[in-house]
Amino acid sequence: MVVPGTSVSRASALAASFARNWYLIDATWQHPTLVAKKCSTLLQARHKPIFAWKQDSGDHVVVINCAQLAMSEFEWEFHRFTENKTTRPGDNRVTYAWEFLRDNPGQLIRKTTKLYLENKRIDFRDAWLSRLHCFKDENVPDHILQRINFMLPRKKPPRKLSQYSKEEIDSFPIIWAKDDQYKY
């Protein structure tokens, strides 16, 4: 039977919802928490009509350009991740976001995504994170590129002032004009 409004049968539509799709996310000039929210939704299959807590039907997520994430200077030092491998107090190891960006930018996305995954199904967490593939730049192995089905749209990165033409700068509306009597 054909689903109304489409030329796809119900059986193939149901099979497509159970299939594990591969999504590509470009993290250029994006905030890590926004990328992590998108990743956690796709990894947990919350976007699918067949979503249920008792089954793991999440998709694979490939994140590229992790080294080009954008945060303010304050946020790079404010966002920190605590890791405690022992139960002794004082053994916490604190790692800041800028250290992850310097050493392994993909770990920053992975750790932030782990914070947004649901705590109700901790037994699925390792499986979800195993389907998250993070890359520092656009160099992705061919066997992964061949599997990608969808690319999520990203916001356009802002242009620098040097990239605007003289006509665009002159036509920009003046919001406030300094008077001659104005003193700093």
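User: Which residues line the largest cavity?

Analyst: Rolling a probe the size of a water molecule over the atoms shows where empty space is left. In this predicted model, the lining of the largest cavity is made up of Gln44, Phe51, Ala52, Trp53, Gln55, Asp56, Ser57, Arg121, Phe124 and Trp128. By type, the lining has 5 nonpolar, 3 polar and 2 charged residues. The space in the largest cavity is about 30 Å³.

User: How many salt bridges are there, and what is the idea behind them?

Analyst: Side chains of opposite charge can pair when their charged atoms come close. The count here is 5 salt bridges. One of them joins aspartate 59 to lysine 48, at 2.9 Å from N to O. Both residues lie in the loop between helix H2 and strand E2, so the pair ties together parts that are 11 residues apart in sequence.

User: Is aspartate 59 buried or exposed?

Analyst: Aspartate 59 is buried, because its relative accessible area of 0% is under the 20% cut-off. Lysine 48, at 7%, is buried as well.

User: Where do lysine 166 and aspartate 170 lie?

Analyst: Both are in helix H8, 4 residues apart, which is about one turn of the helix. Lysine 166 is exposed at 56% relative accessibility, and aspartate 170 is exposed at 54%.

User: What joins the side chains of histidine 133 and histidine 60?

Analyst: A polar contact of 3.2 Å. Histidine 133 sits in strand E5 and is buried, with a relative accessible area of 18%.

Conventions: Residues are numbered from 1 along each chain as its sequence is written. This is a predicted model: local features need pLDDT of at least 70, side-chain atom pairs count only at pLDDT 80 or more; totals for chains, interfaces and linings use all residues. Side-chain values use heavy atoms; hydrogens and water are left out. Helices (H or I, at least four residues) and strands (E, at least two) are DSSP runs, numbered from the N terminus. Buried means under 20% relative accessible area, exposed over 50%, partly exposed in between (1.4 Å probe, protein chains only). A polar contact is a pair of N or O atoms within 3.5 Å; within protein, one must be able to donate a hydrogen and the other to accept it, and residues adjacent in sequence count only if both atoms are side-chain atoms. On a 1 Å grid over the protein atoms alone, a cavity is a set of points where a 1.4 Å probe fits but cannot get out, and a pocket is an open set with protein on both sides within 12 Å along at least five of seven lines; lining residues have an atom within 4 Å of a point. Grid points are joined across faces, edges and corners, and a volume is the space filled by probe spheres set on the points. Ala, Val, Leu, Ile, Met, Phe, Trp, Tyr, Cys and Pro count as nonpolar, Asp, Glu, Lys and Arg as charged, and the others, Gly among them, as polar. A salt bridge is a side-chain nitrogen of Lys or Arg within 4 Å of a carboxyl oxygen of Asp or Glu.
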